[in-house]
Amino acid sequence: MKEKTTFYKHWKSLASVDKRVLAKKSKTSVDYLSQIANGHRNAGASMIERLMKADSSITFRMMRETTND
(Lines give C-alpha, C1' and ligand atoms only; values in the text may rest on other atoms or scores of the structure.)
Protein backbone atom coordinates (compact mmCIF):
# COMPACT_ATOMS: atom_id res chain seq x y z
CA MET A 1 0.00 0.00 0.00
CA LYS A 2 1.36 3.41 -0.99
CA GLU A 3 1.99 5.83 1.86
CA LYS A 4 -0.16 8.97 1.85
CA THR A 5 1.72 12.14 1.14
CA THR A 6 0.37 15.11 3.00
CA PHE A 7 1.26 18.76 2.70
CA TYR A 8 2.64 18.47 6.22
CA LYS A 9 5.11 15.76 5.17
CA HIS A 10 6.01 17.62 1.99
CA TRP A 11 6.55 20.88 3.90
CA LYS A 12 8.72 19.19 6.53
CA SER A 13 10.88 17.65 3.80
CA LEU A 14 11.72 21.04 2.26
CA ALA A 15 14.89 22.94 3.09
CA SER A 16 14.43 26.48 4.42
CA VAL A 17 15.42 28.02 1.09
CA ASP A 18 12.89 25.83 -0.73
CA LYS A 19 10.16 26.89 1.70
CA ARG A 20 10.94 30.54 0.90
CA VAL A 21 10.88 29.83 -2.84
CA LEU A 22 7.54 28.04 -2.58
CA ALA A 23 6.07 30.91 -0.56
CA LYS A 24 7.30 33.48 -3.08
CA LYS A 25 6.03 31.51 -6.09
CA SER A 26 2.63 31.02 -4.46
CA LYS A 27 2.47 34.69 -3.38
CA THR A 28 2.22 34.11 0.35
CA SER A 29 4.48 33.90 3.38
CA VAL A 30 6.48 31.04 4.85
CA ASP A 31 4.61 31.57 8.13
CA TYR A 32 1.22 31.16 6.45
CA LEU A 33 2.33 27.97 4.67
CA SER A 34 3.66 26.67 7.98
CA GLN A 35 0.27 27.30 9.59
CA ILE A 36 -1.41 25.38 6.76
CA ALA A 37 1.06 22.50 7.04
CA ASN A 38 0.62 22.25 10.80
CA GLY A 39 -3.18 22.30 10.65
CA HIS A 40 -3.69 25.75 12.19
CA ARG A 41 -5.21 27.12 9.00
CA ASN A 42 -6.95 25.63 5.98
CA ALA A 43 -5.89 26.50 2.47
CA GLY A 44 -8.65 27.87 0.31
CA ALA A 45 -9.19 26.91 -3.33
CA SER A 46 -7.16 29.81 -4.70
CA MET A 47 -4.23 29.05 -2.38
CA ILE A 48 -4.28 25.38 -3.35
CA GLU A 49 -4.28 26.37 -7.01
CA ARG A 50 -1.30 28.69 -6.50
CA LEU A 51 0.60 26.01 -4.58
CA MET A 52 -0.06 23.41 -7.29
CA LYS A 53 1.21 25.84 -9.95
CA ALA A 54 4.28 26.68 -7.85
CA ASP A 55 5.23 23.05 -7.13
CA SER A 56 4.14 20.24 -9.43
CA SER A 57 4.48 17.65 -6.65
CA ILE A 58 1.67 19.30 -4.65
CA THR A 59 -1.76 17.84 -5.36
CA PHE A 60 -5.27 18.80 -4.32
CA ARG A 61 -5.60 15.53 -2.46
CA MET A 62 -2.46 16.10 -0.37
CA MET A 63 -3.81 19.51 0.63
CA ARG A 64 -6.95 17.88 2.01
CA GLU A 65 -5.19 15.10 3.96
CA THR A 66 -5.09 16.05 7.63
CA THR A 67 -2.85 13.43 9.24
CA ASN A 68 0.37 14.96 10.54
CA ASP A 69 1.86 11.63 11.69
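Rings of Phe, Tyr and Trp (its six-membered ring) pair if their centres lie within 6.5 Å; planes under 30 degrees apart count as stacked, over 60 as edge-to-face and the rest as tilted. The model is predicted: local features need pLDDT of at least 70, side-chain atom pairs count only at pLDDT 80 or more, and totals for chains, interfaces and linings use all residues. Numbering runs from 1 along each chain as its sequence is written, and side-chain values use heavy atoms, without hydrogens and water.

**View 1. The aromatic pair of helix 1.** F7 and W11 form it, tilted, at 6.0 Å centre to centre with 35 degrees between the planes. Both residues sit in helix 1 (residues 7-13), 4 residues apart, about one turn of the helix. Helices are DSSP runs (H or I, at least four residues), numbered from the N terminus. F7 counts as buried because its relative accessibility is 3%; buried means under 20% relative accessible area, exposed over 50%, partly exposed in between (1.4 Å probe, protein chains only). W11 is buried too, at 2%.

View 2. M47, I48, L51 and A54 are buried in helix 4 (residues 45-54). They cover an arc of only 125 degrees around the axis, so they lie on the same side of helix 4. The arc is taken from the directions from the helix axis to the C-beta atoms. On the other side, A45 and K53 are exposed.

**View 3. The cover over helix 4.** Helix 2, helix 3 (30-37) and helix 5 are among the elements covering the buried residues of helix 4. Contact here means heavy atoms within 4.5 Å.

Note on methods. Helix = DSSP H or I, 4+ residues; strand = E, 2+ residues; numbered from the N terminus.
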